[in-house]
Amino acid sequence: MASSTKSNAKSRSQSSKPSRNGDSAPLLNKDLPSTVDHLDLFKMMYLIRQFEIACGENYSKGLIRGFLHLYIGQEATGVGAVSGLREDDYIVSHYRDHGHALARGMDVNRVMAELFGRATGTSKGKGGSMHLFDVAKRFMGGHAIVAGQLPLAAGLALAQQYQKTDALTMCFFGDGSTNQGVYHETLNLAAIWKLPLLFFLENNMYGMGSSIERVRAGGIDFYPGIATYGIPALEVDGMDVLAVKEATDVAVGKIRNGEGPQFIEAKTFRFVGHSLADGQKYRGQEEVKEWEGRDPVLTFPAKLIEMGVVTDKEIARIKTEVDETVAKSVDFAEQSPEPDLSQIYNDVMV
Amino acid sequence: MPEILFREALKRGLQEALENDPRVFMMGEDIGEYGGAYAVTDGFLEKFGPERIKDTPISEQAFVGAGIGAAAAGLRPIVEFMSISFSLVAFDQIVNMAANLRYMSGGQINVPMVIRAPTGAGVQLGATHSQSFETWLAEVPGIKVVCPSNPYDALGLIRSAIKDDNPVIVAEPALLYGDKGNVPDEYYEIELGKADVSRSGTDITLVSYGYGMRPVNSAADSLEERGHSVETIDLRSLNPLDIETVLTSIQKTNRVVLVDSARRTGGVMAEVAAELQQRASEWLDGPIMRVGSIDVPWPYNRGLEREVLTDAGDVLAAAAEGYGM
């Protein structure tokens, strides 16, 4: 796992076999488990992909403003992870939060409306792309200070522990977060207090334009050398939705079993720039193409068809259905009213 | 009325909340086994146990953030900084997270958390332990900031702060923990955002808060000895700021000295002065006088520190300069 050059992307991705705590035996069985609803997983990944494409289009039209960070390429990670949670679990996300929000079942129309800044948005147009919230779904944001969401997640987990429930908190963060001091503070705190917290590192290998190998002592491969303060960690192929789900199930099971915080590193890749303002001068298109060859939105349904789990027709039907859902969300957002200016002073204080 | 210490008043308010509301718990550095740097939480660990009196690592960002998360999940955490200067380490969590969460979630999330922090100079702790960052925090929409000047207010304000559904910073002047004052046994609260006319008079208004009330009270005594009738106003709350009470007073006295024990530039009194300039100039017989500590890093040496810190002489000099009193 010591390789660290850009041209080595393919071998890196192939080397991301799930393993745990330095144990070389594969943790995860790649046979398709029959209990998982594969079509649901595909549908959600496809929804996120199409939603993000629609976001990009509407950003170009000027209907979405501010910073827009798309989740294109990372769908298998978010969908696999969130599919392993219960309704009473909390999710905390970072600024690339659309995928997590949709995977959690947040209303597609209202999320799109939030990006359009409309009154019908999830935060009534006051949050924007980086600040999606749905407390009813226990989706606790959308946070845009890198690593700032980690202690919030620790506090949610602390409340779950204090209230003596077996619910847990899943906290997503990127590779860039791990160089913030608060990352280390929070892991230590979670470890000493045995919080029911699942640290979920989405390692897409770039913090904006900085390759993680340029800015991190230890390079691209976090696992197994990453400082987790004794928190059990495992690595998973973030382009494989079933592997992510299975890894999540294992970690979630341990947390519910009272074993304290767990840590998952998913190796993944965004196929697009950091934001819509990113010309991607910092990386070669060859690397992007290599990863696109592993696109979960293409490879997963192909695999399902090949194994006879679903038919072409079923996949096509789902795509049509999702395309309509996304188109309707854009219509909904566009037709929604702007927030009334009288709303400026609301929601500051209780 | 029984006399108790400032720290005992705070302790009483915290203890009541812990006894009456199972959602209330405390976090901070050395608040448990050690008993708190200023002994406010002495004995709490034995009484309430480690789940509710949580000693934290020296990780201000993490434990303030954890307080915010716990509050967002429905608990009512009380978080203690050992010094308000340490709040700088956690400013991201206080400002970006605690203050903004409600607004950027469109009102979905409340953060009913109290952050307590000793503030201010005067005990020879040097530059990094003597600052008064309640002045910075008071600018941020989404959090309330209060600062008591006596045991009665300390108890009334901490009670209201804990009951409030918003994040509330309680800045506790470090020089006042040992001060005595009358505190009734009967239950009372003090509404957040209301200034107190602590002395009634007709010739001049002296405005301050927290430790600044000590030089104000001393200067008021001197002015009264010289035959002037002095009104003193203790702001008690910096956000919300009760300008109306100050305006009402000035309409009567026509003279004002604003007194900050924090550094003079950019302090709370700069904001008060700007409001008064706009809304009360027609009532004033002279300039809005403003007094504050000298704009330097806090020195350690006793003589130097005393010179930097606002005192009664500074207040009297301002009254003389502005109004010939």
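A salt bridge is a side-chain nitrogen of Lys or Arg within 4 Å of a carboxyl oxygen of Asp or Glu. The exercises below apply this term and others to a predicted model, in which local features need pLDDT of at least 70, side-chain atom pairs count only at pLDDT 80 or more, and totals for chains, interfaces and linings use all residues. Residues are numbered from 1 along each chain as its sequence is written, chains are lettered from A in the order in which they are written, and side-chain values use heavy atoms, with hydrogens and water left out.

**Exercise 1.** Locate the salt bridge between Lys47(B) and Glu19(B) and classify the accessibility of both residues.

*Solution.* Step one: the closest N and O atoms of Lys47(B) and Glu19(B) are 3.5 Å apart. Step two: Lys47(B) lies in helix α2 and Glu19(B) in helix α1 (residues 6-20) of chain B, 28 residues apart; helices are DSSP runs of H or I with at least four residues, strands are E runs of at least two, and both are numbered from the N terminus. Step three: buried means under 20% relative accessible area, exposed over 50%, and partly exposed in between (1.4 Å probe, protein chains only). Lys47(B), at 47%, is therefore partly exposed, and Glu19(B), at 45%, is partly exposed.

**Exercise 2.** Determine whether Glu231(B) and Lys252(B), which form a salt bridge, are buried or partly exposed.

*Solution.* Step one: the closest N and O atoms of this pair are 2.7 Å apart. Step three: Glu231(B) has a relative accessibility of 3% and so counts as buried, whereas Lys252(B), at 39%, counts as partly exposed.

**Exercise 3.** Classify the ring pairs Phe63(B)–Phe81(B) and Phe91(B)–Trp136(B) by geometry.

*Solution.* Step one: rings of Phe, Tyr and Trp (its six-membered ring) pair if their centres lie within 6.5 Å; planes under 30 degrees apart count as stacked, over 60 as edge-to-face and the rest as tilted. Step two: the centres of Phe63(B) and Phe81(B) are 6.4 Å apart and their planes stand at 50°, so this pair is tilted. Phe63(B) is in helix α3 (residues 60-72), while Phe81(B) is in the loop between β4 (76-80) and α4 (91-99) of chain B. Both residues are buried. Step three: for Phe91(B) and Trp136(B), a centre distance of 6.1 Å and a plane angle of 85° make the pair edge-to-face. Phe91(B) is buried at 19%, whereas Trp136(B) is partly exposed at 46%.
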